[in-house]
Every structure is written in C-alpha cells, then in structure tokens.
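These are my notebook entries on a single protein chain. I set down what I looked up, topic by topic.

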Amino acid sequence: TVGAWMSAFLFTQAVEVPLYVLAIRRALREGHAARPRRLSLQIALAFGASAVTHPVVWFVIPRLAPSFTDPGAAYIEYVARAEAFAFVVEAYYFASFHVVRMRRALLWSLLVNGASASAGFASRWLFGWP
C-alpha cells in the first residue's frame, strides 16, 4: 500500500540523507569532490538518491518472480535483489552528477544502504515498524 511505502520511504530518508550529506561534506573537505557546496543542494542530492530507487524496490522488485517457493528463501532473494539494485543505482546516481568518481560512489552506496537496511531490520524486529 502507499501508506506503508511512505512510512518505509520516510524511514529510509531519515537514515540515508544525513549519511550521504556527511559523505559529500567530507569529500568536499578532503578534495575528492568540488560540488555541491551549498547544504541545501547536498540535502536535495542525497534525498534524490533514494527517491529514485525506493519506489522500484517497494513496488517493482517484489513483483519479480522469485526463484524459490519457500517464503523465507524468497524473502531473502527479494532483499538481495532490492539492495543490489539500490547499491548500484545510487552509486551511479552520485557518479553521474559528478559528485565523486564511481569507486567512491560505490563505497558510499554500500555503506549507506547497508546502514539503512540494518536500521530497518532492527526497527522492524524491535518495534514492528517500518
């Protein structure tokens, strides 16, 4: 449902936006990035990364036929597909905007998506949300 998606999307943004902004700011300080310098643009760029991937992860990937009939294995496959998709697309997103080179963008995406997925699983286990 759209309500459940919005809840998960906002949770994802709350985790990922600050992490991507921190990464951008550090890259600027260390000379690995030349832009964006304004905080508002950094936030917008960080927000855009999951805004591009999250709807696909939520609405498209679950509709792909799983390779497994066991629900547990099918869920693991879904998570692997979803996280791999988000990892690659978000890295390409930052590299395509010429924020950083692809190698650094891949590292950012791996760390940020790993943090987001971990926080999501922990929150679901502890609170049943998102």
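For the helix lengths below, I take the expected span of a helix as 1.5 Å times one less than its number of residues. The model is a predicted one.

**Entry: helix α4**

I applied that rule to α4, which has 26 residues. From its first C-alpha to its last, α4 reaches 36 Å, close to the 38 Å expected. I then listed its buried residues: Ala105, Trp108, Ser109, Val112, Asn113, Ser116, Ala117, Gly120 and Ser123. The cover over the buried residues of α4 includes α1 and α3. Just after the helix, Gly128 takes a positive phi of about 75°.

**Entry: helix α3**

I repeated the check on α3, which also has its length on record here: 26 residues, with a reach of 37 Å from first C-alpha to last, close to the expected 38 Å. The buried residues in α3 are Ala74, Glu77, Val79, Ala82, Ala86, Glu90, Ala91, Tyr93, Phe94 and Ala95. Among what covers them I found α1, α2 and α4.

Is Glu77 buried or exposed? Glu77 has a relative accessible area of 12%, and the cut-off for buried is under 20%, so Glu77 is buried. Its side chain makes a polar contact with the side chain of Arg81, at 2.8 Å. Not counting residues up to four places away in sequence, Glu77 touches Pro66, Ser67 and Phe68.

**Entry: overall fold**

I next read the secondary structure of the whole chain. The protein chain has four helices and zero strands, in the order α-α-α-α along the sequence. The radius of gyration is 15 Å, close to the 14 Å that the globule rule gives for 130 residues, so the chain is as compact as a globular protein of that length. Along the principal axes, the C-alpha trace spans about 50 × 30 × 20 Å.

I also noted the surface and contact totals. Of the 130 residues, 38% count as buried. The accessible surface comes to about 7800 Å², and carbon and sulfur atoms hold 70% of it. Among contacts with a separation of 6 or more, 63% join residues 24 or more positions apart.

**Entry: the nonpolar core**

Which residues have the most contacts inside the largest nonpolar core? I found Tyr20, Ile24, Phe94, Val99, Val100 and Trp108, in a core of 20 residues. Helices α1 (2–29), α2 (39–60), α3 (71–96) and α4 (102–127) each supply at least two residues of this core. α1 gives the most, with seven residues. As background, nonpolar side chains in soluble globular proteins tend to be buried together.

I traced the surroundings of Val99. Leaving aside neighbours within four places in sequence, Val99 is in contact with Ile24, His32, Ala33, Arg35, Pro36, Leu45, Phe94 and Trp108.

**Entry: Thr12**

Thr12 lies in helix α1. Its relative accessibility is 11%, so I record Thr12 as buried. Neighbours within four places in sequence apart, Thr12 is in contact with Ser50, His54 and Ser116. I also checked Thr12 against Phe121: the two are 109 residues apart in sequence and 11 Å apart in space, C-alpha to C-alpha.

**Entry: backbone exceptions**

For reference, most residues other than glycine have a negative phi, and most peptide bonds are trans.

Where is His98 found? His98 is in the loop between α3 and α4, just after α3. Phi of His98 is near 55°, a positive value in a residue other than glycine. At 56% relative accessibility, His98 counts as exposed.

I then looked for cis peptide bonds. The bond from Arg35 to Pro36 is cis, with omega near -5°, and Pro36 lies in the loop between α1 and α2. Both Arg35 and Pro36 are among the contacts of Val99 already listed. A cis bond also joins Trp129 and Pro130, with omega about 0°. Pro130 lies in the segment after α4.

Methods: Residues numbered from 1 in each chain as written. Predicted model: local features only at pLDDT ≥ 70, side-chain atom pairs only at ≥ 80, totals over all residues. Heavy atoms only, no water. Core = buried A, V, L, I, M, F, W, Y, C linked by side-chain atoms within 4.5 Å. Buried < 20%, exposed > 50% of the residue type's maximum accessible area, 1.4 Å probe, protein only. Contact = heavy atoms within 4.5 Å. Rg over C-alpha atoms; globule rule 2.2 N^0.38 Å. Areas by Shrake-Rupley, 256 points an atom, 1.4 Å probe, with all protein chains shown as cover. Polar contact = N/O pair within 3.5 Å; in protein donor to acceptor, adjacent residues only side chain to side chain.
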